[in-house]
Amino acid sequence: MRHAKSSWAEPAMADHNRPLNKRGKRSARALGDWLRGHDHVPDQILCSSATRAQLTCQGLELGLPAPAVPALYHAEPGAMLQVLQKATGRCVLMIGHNPGIAEFADRLVQTAPDHDRFGDYPTGATLVASFDVPGWADVAWNTGQVIDFVIPRELTD
């Protein structure tokens, strides 16, 4: 998942500290409802340390702790894969940033979903994929099968 829409109300604010804007808060709630409604509820969350990612996670209202993972802040796809390979949950949600999260999602799956927004991965974009591997340590590029993909505008507009 890419974090929800962030605020630019204070242009001088450090990028890491930017919060969500109103639309981002609404999108996070909608994405949490969508995850629950489609039985995609994670049992582990790996979340960037950026404020907007942490607030996205809180807005999902999944009732899970989301310890900040500094390595996910503006991470490249390879770094994201290394974080995922250390996951311990059965169903894992990773919250990150573009451009890394878009490339990460694209490289994870064998075939991209048939969705016109998958390539640019807008804020809140969420890919659900399954992996036929013994454990997270065995996940590699092009091993995922797309289960679902959604963007917040499909849920809120």
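Biologist: How many bridges join strand β1 to β3, and do the two run parallel or antiparallel?

Modeller: Strand β1, residues 44-48, is joined to β3 by 4 bridges, and the two strands run parallel. Please keep in mind that this is a predicted model.

Biologist: Which residue of β3 is the bridge partner of glutamine 44?

Modeller: The partner of glutamine 44 is valine 92 in β3.

Biologist: In what order do the strands of this sheet come?

Modeller: The order is β2-β1-β3, in an open sheet of 3 strands with parallel pairing. β2 (68-69) and β3 (92-95) are the edge strands; each has a single partner, so one side of each has no neighbour in the sheet.

Biologist: And which strands does helix α2 touch?

Modeller: Helix α2, residues 51-60, packs on the sheet and touches β1, β2 and β3. The direction of α2 makes about 150° with that of β1. Helix α3, residues 77-84, also lies across β1, β2 and β3, and runs at about 150° to β3.

Biologist: At what angle do α3 and α4 cross?

Modeller: The axes of α3 and α4 cross at roughly 65° and come within 8 Å. The range from 65 to 115 degrees counts as roughly perpendicular, and α3 and α4 are therefore described as roughly perpendicular to each other. Their crossing is right-handed.

Biologist: Which residues of α3 and α4 meet there?

Modeller: From α3, Pro77, Met80, Leu81 and Leu84 take part. They meet Gly100, Ile101, Glu103, Phe104, Arg107 and Leu108 in α4.

Biologist: Where does tyrosine 121 lie?

Modeller: Tyrosine 121 is in the loop between α4 and β4. Its relative accessible area is 1%, so tyrosine 121 is buried. Leaving aside neighbours within four places in sequence, its contacts include Met1, Asn98, Ile101 and Phe149. Tyrosine 121 also has a positive phi of about 45°, although it is not a glycine.

Biologist: Which loop holds aspartate 39, and is that residue buried or exposed?

Modeller: Aspartate 39 is in the loop between α1 and β1. Its relative accessibility is 69%, so aspartate 39 counts as exposed. Aspartate 39 has a positive phi of about 55° and is not a glycine.

Biologist: Is the peptide bond from asparagine 98 to proline 99 cis or trans?

Modeller: That bond, from asparagine 98 to proline 99, is cis, with omega near 5°. Proline 99 is placed in the loop between β3 and α4.

Biologist: Now two serines. Is serine 27 buried or exposed?

Modeller: Serine 27 counts as buried, because its relative accessibility is 5%. Serine 27 belongs to helix α1, residues 22-37. Beyond its neighbours within four places in sequence, serine 27 is in contact with Ala4, Pro152 and Thr156.

Biologist: And what does serine 130 touch?

Modeller: Not counting residues up to four places away in sequence, serine 130 touches Thr143, Gly144, Gln145 and Ile147. Serine 130 is in strand β4, residues 126-131, and counts as partly exposed because its relative accessibility is 32%.

Key:
Residues are numbered from 1 along each chain as its sequence is written. This is a predicted model: local features need pLDDT of at least 70, side-chain atom pairs count only at pLDDT 80 or more; totals for chains, interfaces and linings use all residues. Side-chain values use heavy atoms; hydrogens and water are left out. Two strands pair if DSSP finds at least two bridges between them. Contact means heavy atoms within 4.5 Å. Axes are lines fitted to C-alpha atoms, for helices over the stretch in contact, and angles run from 0 to 180 degrees between N-to-C directions. Buried means under 20% relative accessible area, exposed over 50%, partly exposed in between (1.4 Å probe, protein chains only). Angles under 35 degrees count as roughly parallel, over 145 as roughly antiparallel, 65 to 115 as roughly perpendicular and the rest as oblique. A crossing is left-handed if the near helix is turned anticlockwise from the far one by less than a right angle, and right-handed if clockwise.
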